[in-house]
Amino acid sequence: MGSWKGTMLAWLLLLHPLPSPACPAVCRCSSGEADCSAHALRAVPQSLAANTSSLWLGYNSITMLGPRSFPPLPGLLRLSLPHNRLALIHSQALVGLETLQELDLSNNYLSVLTPETFLPLTSLVMLNLGSNRLGELEPGVLHALPQLQALFLQDNPWVCSCGILPLWRWLRHNREKVREQNSLFCRVPEQLNKHPILDFRNESFRQCQESSLPAQHYIAFFIIGPFSFMASIIVCTFMGSITVIYHNLRREPHFWRRLHICRIH
């Protein structure tokens, strides 16, 4: 009897096989890896298997990652997006990728990155930002990655002005995490072109006033200042007039009485 049930179960499995993990038609999937490279994709495929651990999306035509660009991938460890046309990453683009350990964004058009974008990546160990268009990098981007051990920043047009001071400090205190150190050069200003960023010293930034106020504070001063000045003049004039009138009344106590009598007559 048991043998008969086993035979029937085998036939049922043959006729109705168990569903296999999803794999987009443009990808090759095997053992948790999804290779979707070089298919002129403009967006991340959404029909990926939930057990995907490695996703390769290099050499496509993805220009931006919008909010929640990725389907639920709770076990994704490696995400590779090199050689796309990526110029913008939304602050919510990487939500749901808390397990991600390696992220390759090299050879793209990224010029601005915000700390909020990387906040979900609490497990990230390796970040490759090489060969983009980064002139500066907010320190909050790197502070949002507590587990980061390997960072690639080479071949970017770094602007070596006061704005690069926070990044320079991070690089100086985390040399062991910086890969391709000998490829970090200034591009702007022209007199510092190809100057190694890590060759700067503290005195190189002496002219940078860290205590200087943000631009919006100066704007507020320029707007509020004239109004405050005019208001003070008006108040002083008013108070002065009140004082003069008060003193005149004390000197001529019968002035108003005489004026009243004249009006009666």
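Cys 160 is buried, and Cys 186 is buried as well, where buried means under 20% relative accessible area, exposed means over 50%, and partly exposed lies in between, with a 1.4 Å probe and protein chains only. The two form a disulfide with their sulfur atoms 1.9 Å apart; a disulfide here is a pair of cysteine sulfur atoms within 2.5 Å. Cys 160 sits in the loop between E10 and H4 and Cys 186 in strand E12 (residues 186-188), so the bond ties together parts that are 26 residues apart in sequence. Helices (H or I, at least four residues) and strands (E, at least two) are DSSP runs, numbered from the N terminus. The S-S torsion of Cys 160 and Cys 186 is about -95 degrees, so this disulfide is left-handed.

Before I go on, the ground rules. This is a predicted model, in which local features need pLDDT of at least 70 and side-chain atom pairs count only at pLDDT 80 or more, while totals for chains, interfaces and linings use all residues. Residues are numbered from 1 along each chain as its sequence is written, and side-chain values use heavy atoms, with hydrogens and water left out.

Next, Cys 162 and Cys 208, which form a disulfide with their sulfur atoms 2.1 Å apart. The torsion about their S-S bond is about -90 degrees, so this disulfide is also left-handed. The pair links distant parts of the chain, 46 residues apart: Cys 162 is in the loop between E10 and H4, and Cys 208 is in the loop between E12 and helix H5 (215-251). Cys 162 is partly exposed at 36% relative accessible area, whereas Cys 208 is buried at 10%.

What is the handedness of the disulfide of Cys 27 and Cys 36? Its torsion is about 105 degrees, so it is right-handed. The S to S distance is 1.9 Å. Cys 27 is buried with a relative accessible area of 8%, and Cys 36 is buried with 0%.

The whole structure has four disulfides. Counting bonded cysteines along the chain, the pattern is 1-3, 2-4, 5-7, 6-8.

Now the core. A nonpolar core is a set of buried Ala, Val, Leu, Ile, Met, Phe, Trp, Tyr and Cys residues joined through side-chain atoms within 4.5 Å. The largest one has 55 residues, and those with the most contacts inside it include Leu 55, Phe 70 and Ile 197. Helix H3 (139-143) and helix H4 (165-173) each supply at least two residues of this core, and H4 gives the most, with five. Leaving aside neighbours within four places in sequence, Leu 55 is in contact (heavy atoms within 4.5 Å) with residues including Ala 34, Cys 36, Phe 70 and Leu 79.

Thr 52 is in the loop between strand E2 (33-35) and strand E3 (54-56), and is buried at 4% relative accessibility. Its side chain reaches the backbone oxygen of Ala 49 at 2.7 Å. Not counting residues up to four places away in sequence, Thr 52 touches Gly 32, Ala 34, Leu 73, Gly 75 and Leu 76.

Gln 154 is in the loop between strand E9 (150-152) and strand E10 (158-159). Is Gln 154 buried or exposed? Gln 154 is buried, with a relative accessible area of 13%. Beyond its neighbours within four places in sequence, its contacts are Asn 128, Gly 130, Ser 131, Glu 180, Ser 183 and Leu 184.

Note on methods
Polar contact = N/O pair within 3.5 Å; in protein donor to acceptor, adjacent residues only side chain to side chain.
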